[in-house]
Amino acid sequence: MDATRPGGLDEVLGALADPTRRSLFTRLATDGPDTATNLADGMTVSRQAVVKHLRVMAGAGLLSPERSGREVRYRAEPEVMDDAVAWMVSSGAAWDRRLDRLRRQLGPSSGSHG
Amino acid sequence: MRHDDGIPAERVIEVERVIELDGPIDEVWALVCRADLWLADEGALGLGDGPNAIGRLVEGGIARTTRLDQLDVGRRIAFRWWDERGDEGDASRVEITLVPTDGPTHLVVRETLPARAVRPARTGTTSASSNARNRTLLGSAANWEIRLMCLASQVAFRSALVLV
């Protein structure tokens with residue numbers, strides 16, 4: 001396994017560590033594919049900065065660039081995170097089961113939060 | 001980002017749970033140490049075997065090898081565990097911490113998995129069963145918010161579950 005390969009989770013997490021990139025990704029995943037020009041409209045950062053952010057995410061496999069006339073449209077690809085989320089779901093469910101077992105050992109009066 | 005011990009941290013995904021247990025911390029600790037009563041169907045962590053103790057836990061037919069990382073008696077157990085047929089390099093780390101309060105004892109469990117141990121789904125390295133599991137768990141791409149919330153913000157997954 002090569003952790004530096006595009007689309008590797010480490011790279012995906014790195015790409016999402018930046019709040020501007022997260023907000024761009026959120027917009028693309030919510031509203032569908034769009035261009036850097038449209039995305040920069042209404043943002044406090046320049047179009048050039050937006051292009052840079054989009055390229056980082058595309059490099060990590062989070063976005064797919066698509067040619068659209070003279071511009072490039074970026075499409076969100078959240079599936080690159082699926083295996084990580086699946087691990088969190090199954091591991092979380094396993095801990096819920098184990099903690100239930102532990103609580104039962106102590107008696108019925110113990111409560112839970114979280 | 002660095003851990004307390006000065007070792008550079010690697011990117012991890014994590015699951016955290018916090019529960020309240022009615023009972024004095026000593027009593028809770030004694031139970032927590034009995035891995036066969038709650039952590040697994042059978043086996044032990046080898047808590048009496050010193051640092052780096054190797055143990056074995058079987059849960060639901062899956063056998064895991066464990067390696068003790070930290071034992072702070074009465075307060076914390078930390079260990080790595082991995083499928084005994086697999087590689088220690090893909091191990092996740094479990095930290096079980098007891099926090100005394102004026103009332104109930106709080107138990108915090110945190111399991112972290114190195115990001116590099118996660119095979120990206122789209123490269124085709126994931127097994128067919130894992131892909132099938134993902135489809136069941138995640139449904140359509142409409143659940144992307146959950147993925148993003150889990151991974152980007154590194155929040156505890158229990159918060160994300162609220163969105164499902």
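Author: Let us begin with a single residue and its contacts. Leaving aside neighbours within four places in sequence, Leu39(B) is in contact with Trp95(A), Arg98(A) and Arg101(A) in chain A, and with Leu45(B), Leu57(B), Glu59(B), Phe79(B), Trp81(B) and Ile96(B) in chain B. Please keep in mind that this is a predicted model.

Reader: Which residues touch the most other members of the largest nonpolar core?

Author: A nonpolar core is a set of buried nonpolar residues joined through their side-chain atoms. Here the largest one has 58 residues, and Leu54(A), Leu39(B) and Leu107(B) touch the most other members. Helix 5 of chain A gives the largest share of this core, namely seven residues.

Reader: Let us stay with that helix. Where is Ser91(A) found, and what does Ser91(A) touch?

Author: Ser91(A) lies in helix 5 of chain A, which spans residues 82-106. Not counting residues up to four places away in sequence, Ser91(A) touches Val15(B) and Glu111(B). With Glu111(B) there is also a polar contact of 2.7 Å between the two side chains.

Reader: Is Ser91(A) buried or exposed?

Author: The test is the relative accessible area, and a residue is called buried when this is under 20%. Ser91(A) has a value of 6%, and therefore counts as buried.

Reader: How is chain B built as a whole?

Author: Chain B has five helices and seven strands. Along the sequence, their pattern is β-α-α-β-β-β-β-β-β-α-α-α. Of the 164 residues in chain B, 41% are buried. The accessible surface of the chain is about 8,300 Å², and carbon and sulfur atoms hold 49% of that. Among contacts in chain B with a separation of 6 or more, 35% are between residues 24 or more positions apart.

Reader: Which residues are buried in helix 1 of chain B?

Author: In this helix, residues 25-32, the buried ones are Val28(B), Trp29(B), Leu31(B) and Val32(B). Seen down the axis of helix 1 of chain B, the buried residues fall within an arc of 165 degrees, so they line one face of the helix.

Reader: How should I read the pairing of strands?

Author: Strands of a sheet pair through backbone hydrogen bonds, either parallel or antiparallel. In chain B, strand 1 (residues 12-21) runs antiparallel to strand 7, and ten bridges join them. Within this pair, Ile13(B) stands opposite Leu113(B). Strand 6 (residues 92-99) of chain B also pairs with strand 7 in the antiparallel sense, over seven bridges. These two strands form a hairpin with five residues between them. Leu98(B) has Leu107(B) as its bridge partner, and Arg93(B) stands opposite Thr112(B). Strand 5 (residues 76-83) of chain B is joined to strand 6 by six bridges, again antiparallel, and there Phe79(B) stands opposite Val94(B).

Reader: Why is strand 7 of chain B described as largely enclosed by the rest of the structure?

Author: One counts the buried residues along the strand. Strand 7 of chain B, residues 105-114, has seven buried residues out of ten, so the rest of the structure largely encloses it. Strand 6 of chain B is mostly covered as well, with six of its eight residues buried.

Reader: In what order do the strands of the open sheet in chain A stand?

Author: Three strands form this sheet, in the order 1-3-2, and the pairing is antiparallel. Strand 1 (34-35) and strand 2 (63-68) of chain A stand at the edges with a single partner strand each, so one side of each has no neighbour in the sheet. Strand 2 and strand 3 (residues 71-76) of chain A pair over six bridges. In that pair, Tyr74(A) in strand 3 is the bridge partner of Pro65(A).

Terms used
Residues numbered from 1 in each chain as written. Chains lettered and ligands numbered in written order. Predicted model: local features only at pLDDT ≥ 70, side-chain atom pairs only at ≥ 80, totals over all residues. Heavy atoms only, no water. Helix = DSSP H or I, 4+ residues; strand = E, 2+ residues; numbered from the N terminus. Buried < 20%, exposed > 50% of the residue type's maximum accessible area, 1.4 Å probe, protein only. Contact = heavy atoms within 4.5 Å. Areas by Shrake-Rupley, 256 points an atom, 1.4 Å probe, with all protein chains shown as cover. Arc of directions from axis to C-beta. Core = buried A, V, L, I, M, F, W, Y, C linked by side-chain atoms within 4.5 Å. Polar contact = N/O pair within 3.5 Å; in protein donor to acceptor, adjacent residues only side chain to side chain. Pairing = 2+ DSSP bridges.
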